[in-house]
Amino acid sequence: MNIELQINNGTSADARYLGWVPSPCRIRVTNPSGLTGTSVNLEITAKTMADGGQVQFRKGTSGAFSASITLSVPTTGATVPFLAAGKFGQPSSSDGDVAIEVRNAGNVIASNPVMVRIRKNANSLSTAERDRFVSAFAKLNNQGQGRYRDFRDMHVYASLSQSHGAPGFLPWHRAYLLDLERDLQEIDPSVTLPYWRFDQPAPNIFTPDFFGTAGPTGAVQFSATNPLQFWRTDGDLGVNRSPLFPISAAPPGLNNQAQTLSLGGPSNTFKLFRTMEVDPHGSAHTSFEGPIDTPATAPKDPLFFLLHCNVDRLWAIWQKKFARFDPAVAASFDSNPGNKPGHNLPDTMWPWNGITNGTRPPTAPGGPMSSSPSVAAPGPQPRVEDMLDYQGAINPVDQLGYDYDDAPFA
Amino acid sequence: MPDAEEVRIMYMMKKAAKRSKPVAKPKSVPAPMSSKQALSVVTSKVKSVEDRLAALAQVTPAISSNDDNLQAVLGVVRDVSEPVPLRMAVLNALQAASFSVVAFQSCQSDYRATLRKIAQDPNQELRERALGLLAREKDAFAQKKLLDGLENPDKALVAPEKALQLLSYDVHAAAYRAARAIVEHPVSPEAKFEALRLLATDPTAIPMFEKIVSDKDELRANRQVSASALHALDPEKLQSLARNIVLDTSDYDDIKATSLTALKQFGDPSKLAEDKTLRKSVSQMKTKGSALLRQSASQFLSKPD
């Protein structure tokens with residue numbers, strides 16, 4: 001007997017990545033030789049390596065997940081669906097450190113390595129996770145000649161009206177991060193964007209082996225084995241970044257997580273919550289002296305993406321806390337006919353929409369949104385509303401294919 | 001943006017969030033106040049700096065909500081009689097508010113004018129901060145001041161290395177000239193390093209970078225920055241130089257490690273796999289080299305990503 005196991009409804013190894021959100025899976029018998037009946041009972045379970053991720057399963061769209069399920073699979077070759085999800089709090093640390101196994105009468109007849117791929121706190125990454133991330137990021141930059149140039153060009157003075165100072169601030173940056181993360185995953189599929197939790201000390205980030213330490217002029221110094229030493233943007237070599245706070249502590253004076261989550265006011269509205277753009281977001285940017293302290297130059301510093309990953313994480317946690325995933329709920333967004341193009345729910349977002357007319361910037365670098373082997377959303381030209389339901393809590397097909405280590409499935 | 005009442009509600013909620021946490025020193029928790037009240041504390045010279053800094057956090061999101069708020073905080077930044085930590089904090093708050101780009105648009109011209117004034121402040125820290133913010137906005141006034149300082153050190157507002165670094169955000173021919181002069185006659189190691197960084201976009205500097213990369217008497221930082229410059233200006237040349245450095249048994253471990261990282265990260269994997277001489281040398285480093293060389297050799301010999 002042979003069987004085919006489909007993760008995220010696909011057989012490609014590129015699709016074998018799970019989060020906390022249930023992933024659609026299928027199983028079918030591809031060769032029934034040796035079987036006598038019209039169906040066979042197959043047990044689906046997971047085998048985890050030391051410190052590996054943990055996976056759980058469910059047969060239908062409701063009910064509890066469990067460590068194993070047994071499915072009756074027709075011998076005709078018809079597929080049987082089930083759901084698999086990472087067990088919250090038990091992410092993977094390397095690719096394939098957990099396998100989905102199929103057993104028949106106690107014998108393993110198939111085993112597919114998977115990864116519970118989750119965005120984590122950058123301060124807590126293992127050495128291997130850190131090195132893989134840094135290597136992929138340096139390759140994306142490729143000394144200023146790589147795809148990162150598009151990301152740099154998306155966040156310049158001429159385009160700031162698309163991304164800042166209006167309701168689209170959070171959705172736009174969610175798309176921006178997702179696009180970049182998917183490109184990193186093309187280089188190394190085990191990589192996710194980590195976040196810099198700027199309301200907590202994060203000394204492990206500011207080391208020569210990770211995001212570097214500031215030299216006497218603010219030029220960041222990296223270790224000889226760190227490929228970020230070759231970072232280059234706009235022709236400029238390296239990174240300039242002087243922290244205005246002791247790196248053993250968090251930047252002082254910015255809103256902490258609890259304060260940020262309360263910004264939505266008594267009705268927990270997005271309209272108020274989005275004032276986080278100034279504090280803590282702007283305050284985190286200006287806790288350094290260097291390009292990261294200025295809107296038009298901030299992405300010259302790769303730390304930008306760790307900072308914004310935390311901004312997105314805060315929004316995700318706020319959404320979960322106050323049930324603000326549904327675009328149809330008024331408090332989930334700040335819709336207003338007076339909003340500029342790109343800042344209302346049905347609007348497509350620049351630059352992925354390719355529009356360069358009068359209300360949009362003169363160029364649209366980077367082309368459409370990168371696709372994912374695991375999920376279909378948000379498509380090549382995402383709209384603002386496509387960014388709200390990132391876990392597919394309202395509609396499973398809307399999930400964007402990423403999760404945070406401390407934000408469970410809605 | 002939210003109106004004033006919404007901002008006030010927001011801060012009442014924020015205050016409530018603060019109260020819900022364990023507080024070691026209850027006296028340090030500021031009393032609830034509107035953004036208007038907070039602004040009056042920030043601008044009050046009779047209040048302590050600590051109180052004024054605490055109130056500033058409540059003012060930041062409201063800075064751009066009306067001109068009175070903006071002018072009040074700009075006044076604090078401009079006032080040389082105010083404590084420097086307070087002026088610096090207010091400057092950072094203004095810059096944080098500028099991230100709300102659309103709302104801050106009406107504040108930009110007054111803010112820019114204030115930065116230009118602070119660029120010539122008696123306090124060096126504030127000067128550097130203001131010049132940095134202006135330079136990143138490609139401000140012509142700041143660029144001229146920085147160049148003037150390089151050409152005439154008596155007029156320098158910041159150290160030459162800082163001036164070169166800030167000029168690199170928008171390089172013009174005059175900056176190249178100033179950088180070349182400093183490479184030839186460095187006033188400090190830091191200034192030479194920053195001059196090399198600035199010249200990294202100048203194709204005519206390729207021979208100079210080649211020489212520095214190969215010069216064992218040069219500082220490692222200068223050789224490294226020259227290697228990075230060469231990789232962009234002439235990638236094949238760097239790969240060749242990096243290979244030579246790795247094979248040179250008399251060169252320093254840190255520059256060898258940098259060269260191995262460059263080869264591993266940006267070299268042609270198939271060519272590297274076929275280079276038996278290189279792989280043999282790196283294999284020996286993996287077992288007999290220093291800890292740094294062993295680490296970089298292991299990375300180099302690991303499977304391609």
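Mentor: The discussion below turns to cores, then to cavities. This is a predicted model, in which local features need pLDDT of at least 70, side-chain atom pairs count only at pLDDT 80 or more, and totals for chains, interfaces and linings use all residues. Residues are numbered from 1 along each chain as its sequence is written, chains are lettered from A and ligands numbered from 1 in the order in which they are written, and side-chain values use heavy atoms, with hydrogens and water left out.

Trainee: Which residues have the most contacts inside the largest nonpolar core?

Mentor: A nonpolar core is a set of buried Ala, Val, Leu, Ile, Met, Phe, Trp, Tyr and Cys residues joined through side-chain atoms within 4.5 Å; buried means under 20% relative accessible area with a 1.4 Å probe, protein chains only. Here the largest has 77 residues, and Ile63(B), Val90(B), Leu94(B), Tyr111(B) and Leu131(B) have the most contacts inside it. A second, separate core of 75 residues includes Ala175(A) and Phe270(A).

Trainee: How many cavities of 30 Å³ or more does the structure hold?

Mentor: Rolling a probe the size of a water molecule over the atoms shows where empty space is left. On a 1 Å grid over the protein atoms alone, a cavity is a set of points where a 1.4 Å probe fits but cannot get out, and lining residues have an atom within 4 Å of a point. The structure holds six of 30 Å³ or more. The largest has a volume of about 150 Å³; among its 17 lining residues, Tyr17(A), Leu18(A), Gly19(A), Gly401(A) and Tyr402(A) are the closest to its centre.

Technical notes:
Buried < 20%, exposed > 50% of the residue type's maximum accessible area, 1.4 Å probe, protein only. 1 Å grid on protein atoms, 1.4 Å probe; cavity = no way out; pocket = protein on both sides within 12 Å on 5 of 7 lines; lining within 4 Å. Points joined across faces, edges and corners; volume = space filled by probe spheres on them.
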